[in-house]
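Please go through the points below with the structure open.

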Amino acid sequence: MTTALGQWLSKLDSEKRLQLLRHQLSDFAKAGEVERLRSWLTDFGFLQHKLEAVGIRALISDYDLVLLLLSGEQGGTLKLIQEALGLSADVLAEDSSQLAGQLWGRLLSVQQPEIVALLKDAQQWRDKPWFRPFTGNLIAPGGPLICTLTGHTEEVNAVTIALDGKTAVSGSEDRTLKWWDLATGEEIVTLRGHSGAVNTVAIAPDGKTAVSGSEDKTLKWWYLSTGWEIATLRGHTDEVTSVAIAPDGKTAVSGSGDRTLKVWDLSTGLEVATLRGHTDWVRSVAIAPDGRTAISASDDNTLKLWYLPTGEEITTLGGHTDWVTSVAIAPDGQTAVSTSDDNTLKVWDLVKETELATLTGHSEAVNAVAISPDSQTAVSASGDNTLKLWDLATGWELATLRGHSFRVNAVAITPDGKTAVSASSNHTLKLWDLATVSEGVNLQGHGLCVKAVAITPDGKTAVSASGDKTLKLWDVARGWELATLKGHSSWVNGVAIIPDGKTAISASGDNTLKWWDLATGWQIATLRGHTDSVTSVAIAPDGKTAVSASEDTTVKLWDLSTGAEIVTLRGHSREVNGVAITPDGKRAISGSEDTTLKLWDLATGAEIVTLRGHSREVNGVAITPDGKRAISASEDKTLKLWDLATGEMLATFTGDGAIASCAVAADGVTVVGGDWLGRVYFLRLEGLRG
């Protein structure tokens, strides 16, 4: 351990150390020993011990003990550390060895003395190799994002919040529902019983029960505290896409792919009525505060307003030009907001049955919307990976919330209007503080995902390639952007720098490679020959040969003097996304959508070894200058360090989004990675031996 306290804890026998880690801070709090609490909670050695022995949730809770005893600015430093730990909780719950890297990535921009000292102590950690950020490249505390909730194993389709604002329930493609404690981010219970994906869920007003709808064509009624199923409601002939519970908790309304809505008596579990009128799937349903009116959204591009006591259709609202994916009614009962695959939201006057406004700003389908308790604002969730906050009176976009690296499927707002929960295709939920949303999340760099990064031999300049069709030149020491290179007509997937450091070659989805002068930013030439997207390119140290990776599942070795193909390397079962060549030019390593890396002998074209460890596709790969280690970047949000001699995975760094690219500087310890959020990570390898 790196601190005196950490070393002292290490010397204790394991049982005594565990008891102390569990109870000592509570004893300090009871005795009013605020300074000792502060000292321990800003000591890296203690934090690492507590995390490893008791877990991240217990560590985060420790900060509440001292924050209750401090006022305002006194607790500011501790609050920042607690929030940083909360943002990294999902990572640290899986891998405690990332504590130092996560704290550096989230707190480096903070200049408070206690945090500066904490990071300095963390830098001395040497238990195993680790990635140390040298710019604040993770989402910082103090912004809208509070934490990420993990547990589902597939896409999360739905989320709803209890009326007390303390818990939420999510539904997933993994066929389960999960009940969450929003204060701690912990999973309370998992509800199992559906035989298909869970598409929708609603919590009863008393917060004790919930109703879910599934791909298996049924609804299920649950006791949340036990996870027990009360009843299964059958009647729909296609999957159930949506459900809403009336304010009195006695009635539910469901929507289905069978083009109908059904009204259910929750006291008996019996179907009361079937509402017909839509000509395509019913995607969403909401019930007005009076419990007598409901509104439905459909793939027939319309919304319908219904009178529930009789089951009669009141009116049809048209205006969207594509599927209507969701609808919400404001608490005042006067207005509704709908979302659509036409990338817009629409605001409706339910009294006059007219459209009030169209809200534009999302670049992909809008999947869900939630309205604040005061009926003044709404939060939308989109396929463009973002949420947006809207002023319903003016139709203005107030803010964009970035943090998800995949499609956002659902969103809910707590009854006090202060917090939102979003659900995403990457199996996670995120908790947002709407009170700080105006501050935004500071994402500097490309407008879309960073697909590849390369560093010049002198280590001073990096070149990043992006889905925004550009390359950017960066000052590595300061993290500053120097220039933008434009010319490709599609995503730039890869970039490699010629050994003299003066020029670079990029690979693009437009089926070409381009050669650039880095001093001027001018395009020298365009190389044509590929018949499909070129995903990656690497240049041998002598500058005479290059290796390219393609969506055709192969790797090719090229003679740059003639442009001729030398050999084709086959072995991956899916698209090859990244490739790198060892310093001696004799071997190459490739990363693939099949989640593996492969090491190749370039002289023979034979596969040497396959490296396994990533849980999702590998997007990029780089080799250290000594040829002993490799870095890989993956859709699982991690960078990994590998020993090429043994195939052993040495270290992991987890970012805020799926990591698309990576590079290693000539010093062998400086690493740069880029993610799908457009963020560039500047890291340093610490604790290497040999």
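1. Tyr223, Trp228 and Ile230 make up a nonpolar surface patch, with about 340 Å² of accessible area together (Shrake-Rupley method, 1.4 Å probe, only the protein chains shown counting as cover). Patch members have over 30% relative accessible area and no salt bridge, nonpolar side chains (Val, Leu, Ile, Met, Phe, Trp, Tyr) being joined within 5 Å and like charges within 9 Å; a salt bridge is a side-chain nitrogen of Lys or Arg within 4 Å of a carboxyl oxygen of Asp or Glu.

2. This is a predicted model: local features need pLDDT of at least 70, side-chain atom pairs need pLDDT 80 or more, and totals for chains, interfaces and linings use all residues. Numbering starts from 1 along each chain as its sequence is written, and side-chain values use heavy atoms, without hydrogens or water.

3. Asn301 has a positive phi, near 75°, and sits in the loop between strand 16 (293-298) and strand 17 (302-307) (strands are DSSP runs of E, at least two residues; helices are H or I, at least four; both numbered from the N terminus). Phi of Asn343 is also positive, near 75°. Most residues other than glycine have a negative phi.

4. The whole structure holds two cavities of 30 Å³ or more (sets of 1 Å grid points over the protein atoms alone where a 1.4 Å probe fits but cannot get out; lining residues have an atom within 4 Å of a point; points are joined across faces, edges and corners, and volume is the space filled by probe spheres set on them). The largest has about 70 Å³ of space, and its lining includes Asp90, Arg106 and Lys430.

Definitions and conventions:
On a 1 Å grid over the protein atoms alone, a cavity is a set of points where a 1.4 Å probe fits but cannot get out, and a pocket is an open set with protein on both sides within 12 Å along at least five of seven lines; lining residues have an atom within 4 Å of a point.
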